[in-house]
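Subject: Structure handover

Hello,

Please find the structure below. My notes on it come after.

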Amino acid sequence: MRGQENGTTTRSTMRKALERVLLRSNDGTVIEECRRCGTTLESTLANCPSCGCSDIVEYRIQ
């Protein structure tokens, strides 16, 4: 059931991440993602809001 509850939020977050990548300026794009569950984060957080993991990776796309 957790996937259903968080489905809209996940789609919204993924949509925003894709828009940032596809509609980016020359500044590049930074995507932050939880290493455990793959949740894309909105901003720099200490822990993933989905699974509580503190192992967050940052991808820089130029």
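The notes below cover the fold, the strand pairing, the surface and the salt bridges.

This is a predicted model, in which local features need pLDDT of at least 70 and side-chain atom pairs count only at pLDDT 80 or more, while totals for chains, interfaces and linings use all residues. Residues are numbered from 1 along each chain as its sequence is written, and side-chain values use heavy atoms, with hydrogens and water left out.

Fold

The protein chain has 1 helix and 3 strands, and from the N terminus the order of elements is α-β-β-β. Helices (H or I, at least four residues) and strands (E, at least two) are DSSP runs, numbered from the N terminus.

Strand pairing

Two strands are taken as paired if DSSP finds at least two bridges between them. Strand S1 (residues 29-34) runs antiparallel to strand S3 (residues 56-61), with 6 bridges joining them. Within this pairing, Val30 has Arg60 in S3 as its bridge partner. S1 is also antiparallel to strand S2 (residues 40-41), here with 2 bridges; Glu32 stands opposite Leu41 in S2. S1 and S2 make a hairpin with 5 residues between them, and Gly38 in the turn has a positive phi of about 85°.

Surface and contacts

Of the 62 residues in the protein chain, 19% count as buried. Buried means under 20% relative accessible area, exposed over 50%, and partly exposed in between (1.4 Å probe, protein chains only). The chain exposes about 4,700 Å², of which carbon and sulfur atoms supply 49%; accessible areas come from the Shrake-Rupley method with a 1.4 Å probe, and for residues only the protein chains shown count as cover. Among contacts (heavy atoms within 4.5 Å) with a separation of 6 or more, 41% are between residues 24 or more positions apart.

Salt bridges

A salt bridge here is a side-chain nitrogen of Lys or Arg within 4 Å of a carboxyl oxygen of Asp or Glu. The count comes to 2.

One joins the side chains of Arg35 and Asp55, at 3.5 Å from N to O. Arg35 lies in the loop between S1 and S2 and Asp55 in the loop between S2 and S3, so the pair ties together parts that are 20 residues apart in sequence. Arg35 is exposed at 55% relative accessibility, and Asp55 is partly exposed at 39%.

Glu58 forms a salt bridge with Arg60, with the closest N and O atoms 2.7 Å apart. Glu58 is partly exposed at 39% relative accessibility, whereas Arg60 is exposed at 58%.

Regards
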